[in-house]
Amino acid sequence: MTDKIKSRAIRAWTMYDWANSAFATTVMAAILPNYFSMYIATDAALTLWGYTVAIGSLIAAVISPVLGAIADFRGSKKTFMAFFIALGVISTALMFFVDTPGDWLLCSILYILGTIGFAGSLVFYDALLPHIANEDEIDEVSSRGYAMGYIGGGILLLINVAMIFVGPGILLPNMDGDEAVKLMMRLSLSSVAIWWTVFSIPIFRHVKEPQRKIEKGEEKMNVVTVGFKRFFTSLKDISKFRDLFLYLLTFFVYSNGIGTIITMAVAFGSDLGFGSTILIGTLLMVQFVAAPFAILFGKISKKLGVKKSIYLSLFVYTLIAVIGYGMSKEWHFILLGFAVATVQGGSQALSRSLMGSLMPKSKSAEFFGFFSVSEKFNTVIGPILFSVINQVTGNSRLAIISLVVFFIGGILLLSKVNIERGIKVAKAEDALMVSVK
């Protein structure tokens, strides 16, 4: 691969972060949670939203490892990725038709399907990372991807915010104000489908499907059989890939805290009585502040090492959860939002690149499927814990401070991961695989 082709492939790969992050910002974090609580499920909205998020993430997590193993075996990561993008795009476009309180179930179903499409596409997108980036540049490439995601998601969210807060007066002056805002929120949700589709094109044009590699004896096996075989073999090989699986457990623990903050922040702020302008404006600020900090963490990891860099981000998250317990004013929310922005992109980017370094390249989709299990369960266990504590105690402050356990647990577990040993094992596994067309 020439330097020019490689550079184009890396740019195209990072552009998919730009594409899919529109779903993460507008649908998952900002507009839909607000729309859901204001117009669709006004009663018990916080609890219902927590369970909806958890169900979508649970389904995505369960199917990811087997699908990843099948994609590795068939050499069809991009085909699987295209299917899940289509599922996410169609589900998101249909959110325009969610219009009345009686549509809360339809809204939940479309969100769940959209989440499956979003999460499923990321399994195969992430799996391409070790194939386009060298070992010494994987942290920086992953960080560039997250930076692109924050900027892209932020730009569309800025457009959506303008549509919601300015659009009604300019475009719909004769419509009832509340109805005009509702229409603009629905159009904002549907705009994600267009954005996601258009900016997904480069990765399919410029990133090649990685060379297919299989184990000896798999040549004539049924694709589904191989998928399940590899899945169960990987589970049996936990001792062989002990550092990889220990890191998966570590990531599972600390990402529960991160994922819950991302998905429940707007609902938590709304529960405290903060206005929509502050909530959405803070998320918009987070998008643009997080981009340079994501790149900064890629550079910090070269000096401190990836492990110490992740420690730093988890320490900051611990402080955020503790301070969040006493949050009472809207400016507190803005300040904590800024603090989240400084570590959110970096922690996610370095988690992804560390995973890419610890896994065999020949089984990247399979092991990123396991990574997806850990990643998607961060919006299963965390939101459920958050919702249960809020439901039982009636105090969302206790729910937010409970997240401290995930960050402290993550720090303790990460200290046990031997990164150098894990990379050595991954390379040895790749040497056993056979290249096929």
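Predicted model: local features only at pLDDT ≥ 70, side-chain atom pairs only at ≥ 80, totals over all residues.
Start by selecting I384, which sits in helix α15 (residues 381-393); helices here are DSSP runs of H or I with at least four residues, strands are E runs of at least two, and both are numbered from the N terminus. I384 is partly exposed, with a relative accessible area of 32%; buried means under 20%, exposed over 50%, and partly exposed lies in between, using a 1.4 Å probe and protein chains only.

Residues are numbered from 1 along each chain as its sequence is written, and side-chain values use heavy atoms, with hydrogens and water left out.

Next, colour by pLDDT, the predictor's confidence in each residue from 0 to 100. The protein averages 83, and 88% of the residues score at least 70. Confidence is highest in helix α8 (residues 201-206), at a mean of 94, and lowest in strand β2 (residues 434-435), at 55.

Move on to T250 in helix α10 (residues 242-271). Is T250 buried or exposed? T250 counts as buried because its relative accessibility is 0%. Show what surrounds T250: leaving aside neighbours within four places in sequence, T250 is in contact with G410, L413, L414 and V417, where contact means heavy atoms within 4.5 Å.

Now select helix α11 (residues 276-304) together with helix α13 (residues 330-358). These two pack at an angle of about 35 degrees, with their axes 6 Å apart; the axes are lines fitted to C-alpha atoms over the stretch in contact, and angles run from 0 to 180 degrees between N-to-C directions. On the α11 side, the contact includes M285, F293 and F297, and on the α13 side it includes F333, F338 and L350. The residues of this contact divide into 15 nonpolar, 7 polar and 1 charged.

Finally, zoom out to the whole protein. There are 18 helices and 2 strands, and 58% of the 437 residues count as buried. Of the contacts with a separation of 6 or more, 86% come from residues 24 or more positions apart.

Key. Nonpolar A, V, L, I, M, F, W, Y, C, P; charged D, E, K, R; others polar.
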